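Open the model in your viewer and keep the sequence panel beside it. The tour below says what to select at each stop and what is there.

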Amino acid sequence: MYQYNEDDQTLIEERVAQFRRQTERFLKGEISDDQFRALRLMNGVYIQTHSPMLRIAGPYGLLSSKQFRKLAHIAREYDKGYCHFTTRQNIQFNWPQLERIPDILEELAGVQMHAIQTSGNCLRNTTSDHLAGVCTDELEDPRPYCEIIRQWTTLHPEFAYLPRKFKIAVSGAKLDRAATQFHDIGLHLVKNDAGEVGFQVLVGGGLGRTPIIGQVIRPYLEKKHLLSYLEAILRIYNLYGRRDNKYKARIKILVKETGLEEFTKLVEEEWLQIRDNLELSAERIEAIKAQFTPPAYDSNAAEDASFAQHQQENKAFATWVKHNTLNHRVPGYRITFLSLKAPDSPPGDMTDTQLDAVADLADQYSFGLIRSTHRQNLVFADVKQVDLFSLWQKLDALKLATPNIGTVTDMICCPGLDFCSLANAGSIGIAKEINEALDDMDYIHDIGDVKINMSGCMNGCAHQSVGHIGILGVDKKGVEWYQLTLGGSSENEAAIGERLGPAVAKDQVAKVVTTILDVYVKQRLDDESFLDMVKRVGIAPFKEEVYADN
Amino acid sequence: MQIIKDKQIIDDSWNYISDDAELKTGNISVSLARWNKDKQQQLLHHDGKVGVRLEPSDSVDNIAEDLKKIELIELNFPAFADGRAFSHAWLLRNRYQYTGEIRATGHYMPDQVFYLSRVGINAFSLEKTEDLPAALSTLNDFTVSYQKSTN
């Protein structure tokens, strides 16, 4: 894990001091609401329905046990005892007091954390594959490049007042787990014909109101040109991106309206003029890579026999292993998911007690590191198989072992109308109802891989348009209604879901979801997945059944 | 009126002449449109110094050839959230090697002065003169940075 040097630390401390002065001036009435809005957003502070919300950066989703303990402390001392993990690997507190936020930021700086650029029309937290460095399908670990990008984006003076927010994701594996095709810039580590590793650069992807799949602007970029190419794209966007309408201000609209060919020409012309002045040296790359070396694995880890035995003797354990753990590239280790989707708690939420306990378990079982995922769960990346049984028992006691990773109850869900001032409709309550309607684990496992994504408004924080089943809350004359889409995906074969039909009433959503799943169970071929079936048959059979009564 | 220039608060001698007003004596700045219209006949023979005010929608490429004749470029902010001036300043300094004064004018916050200075703006005329000392002090907000600076 990247460890701050003196300059990194100085910078975040100076940012805390700057934000403290800004907050004090606002509270004294010296800065207008409108101006302070821009300043606070750039430091992760929203004004929400009930109180401010503070979003803290989880750089490419990698956190330490020490940082988790700090989050627990903040949840206890400054909030109502819990926090929320977002789809962009960040962490949100829903109940801090504005005047105490500078103190929270100071506490965070003590553990190398910050809230810099977690909102606002600027360069946001760079996200990545939550299985980086341990998965079996990876060309190269993307995290060193994420860290290089993190530093370059942090307090970038030229790109702090962009037309709209700007998100970058990096993936180094065959399977795209970072939704890179739905980011303003997506970077894929790829090999060229000469066998060298560089980046495929995608541009103009995005979700929200107008979901668009990113397009390749450069099939292969040498690593040394990473930052100059990003700078060229950002400069073109900053100069030409639309500022007249915030719904048309994302780079995806600029790319669409300019045309990929013309946009590429503008970027390449800019890039040729700057690339020699902004080269990444091989030494710099190596120095950052050295901060992400694999931990000291036990070479005898695979010799343990108890793991197989426990699975034979304990069906519940075997089920959890099957659904919540994955093969690791090192024999005798498994990648382990901690489900933040227990049926009775809001998706992605954790209490202070859980945070502290997870920190201890990470120290004991996974080299003190924790990752947050794009689907709002956690990962212990490096667990020895011999430890899995005792880890499972402890996670189960903490309600973090629901064996539902990748299943229909592993829903992505935004905070919705319960917390968010942008929302048109609730989402947490719907998630609860869907959970109640799907209380049979065997049925859930039989259904298999179904991703439900649910947002309480068009902004689409929960990426509903790329959910296998997408649910979008809308407001119709003060009443909450829900539009459903089917067939979306944020992985390699990226797709935007197709609308099922007219919106349904709030009390019908859970029933509609179960109806959709029943149609799938009845009409699937052999081991066909839900997404494959939707691709094969289209939405008609689902539509017919869902709207049968009308 | 006072402004910040090269990290000092100084008295300002420049006047911006709007497109429908008569030119004045002394140091004046004009819009890009007026510069292009009147440079040959009037502005290049003006008795004082001449500057050009660029709006966010102007392209700095359009003034590149004349930069040697211009002693002040004003980058105007109609609204503080319009960040095009940041790239304009960067381009003026780095692409076109402009060495004259670049001044931020219009509706922006003292809190933006630090970033503006880092992309090459060296003079600041603020909406409220009483904000000048605070704006000046923001230049010391950070002692470290991750990007090359233009100032």
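## A helix across a sheet in chain A

Select helix α3 (residues 65-78) of chain A: this helix lies across β3 and β14 (369-372) of chain A, and its direction makes about 80° with β3(A). Keep in mind that the model is a predicted one.

Next, show the strands themselves. In which order do the five strands of this open sheet in chain A lie? The order is β3-β14-β15-β12-β11, and the pairing is antiparallel. Strands of a sheet pair through backbone hydrogen bonds, either parallel or antiparallel. At the edges of the sheet are β3 (62-64) and β11 (325-327) of chain A. Each of these two has a single partner strand, so one side of each has no neighbour in the sheet. From one strand to the next, the twist averages 30°.

Strand β11(A) is joined to strand β12 (residues 333-338) of chain A by three bridges, and the two strands run antiparallel. To find a pair of partners, select A:Thr325 and look across to β12(A), where its bridge partner is A:Thr336.

## Helix pairs in chain A

Two packed helices are described by the angle between their axes and the distance between the axes.

Show the side chains where the helices meet:

- From α1(A), the residues are A:Ile12, A:Glu13, A:Val16, A:Phe19, A:Arg20 and A:Thr23.
- From α4(A), they are A:Ile101, A:Pro102, A:Leu105, A:Glu106 and A:Ala109.

By class, the contact of α1(A) with α4(A) has seven nonpolar residues, one polar residue and three charged residues.

For the second pair, select helix α5 (residues 143-153) and helix α9 (residues 282-289), both of chain A. Here the packing angle is about 110°, with the axes 9 Å apart. Helices α5(A) and α9(A) are therefore roughly perpendicular to each other. Their crossing is right-handed. Which residues meet in this contact? A:Pro144, A:Glu147 and A:Ile148 in α5(A) meet A:Ile285, A:Ile288 and A:Lys289 in α9(A). The contact of α5(A) with α9(A) divides into four nonpolar and two charged residues, with no polar ones.

## Where chain A touches chain B

Zoom out until both chains are in view. How many residues does each chain bring to the contact? Chain A brings 24 residues and chain B brings 21 residues. On the side of chain A that touches chain B, the elements giving two or more residues are α1 (6-27), α2 (33-41), α5 and α6 (226-240) of chain A. Of these, α1(A) gives the most, with six residues. By class, this side of chain A has ten nonpolar, nine polar and five charged residues.

## The sheet of chain B

Eight strands form an open sheet in the order β2-β1-β8-β7-β6-β5-β4-β3 (chain B), and the pairing is mixed. The edge strands are β2 (8-11) and β3 (15-16) of chain B, each pairing on one side only.

Strand β1 (residues 2-5) of chain B is joined to β2(B) by four bridges, and the two run antiparallel. Select B:Ile4, which stands opposite B:Ile9 in β2(B). With two residues between them, β1(B) and β2(B) form a hairpin. B:Asp6 in the turn has a positive phi of about 45°.

B:Lys5 has its bridge partner in β8(B), namely B:Ala123.

Strand β8 (residues 123-124) of chain B also pairs with strand β7 (residues 101-106) of chain B, over two bridges and in the parallel sense. Here the bridge partner of B:Ala104 is B:Phe124 in β8(B).

For the last stop, select helix α2 (residues 84-95) of chain B. This helix lies across β5 (50-54), β6 (72-77) and β7 of chain B, and runs at about 165° to β6(B).

Terms used
Residues are numbered from 1 along each chain as its sequence is written. Chains are lettered from A and ligands numbered from 1 in the order in which they are written. This is a predicted model: local features need pLDDT of at least 70, side-chain atom pairs count only at pLDDT 80 or more; totals for chains, interfaces and linings use all residues. Axes are lines fitted to C-alpha atoms, for helices over the stretch in contact, and angles run from 0 to 180 degrees between N-to-C directions. Angles under 35 degrees count as roughly parallel, over 145 as roughly antiparallel, 65 to 115 as roughly perpendicular and the rest as oblique. A crossing is left-handed if the near helix is turned anticlockwise from the far one by less than a right angle, and right-handed if clockwise. Two residues are in contact if their C-beta atoms, placed from the backbone, lie within 7 Å. Ala, Val, Leu, Ile, Met, Phe, Trp, Tyr, Cys and Pro count as nonpolar, Asp, Glu, Lys and Arg as charged, and the others, Gly among them, as polar. Two strands pair if DSSP finds at least two bridges between them.
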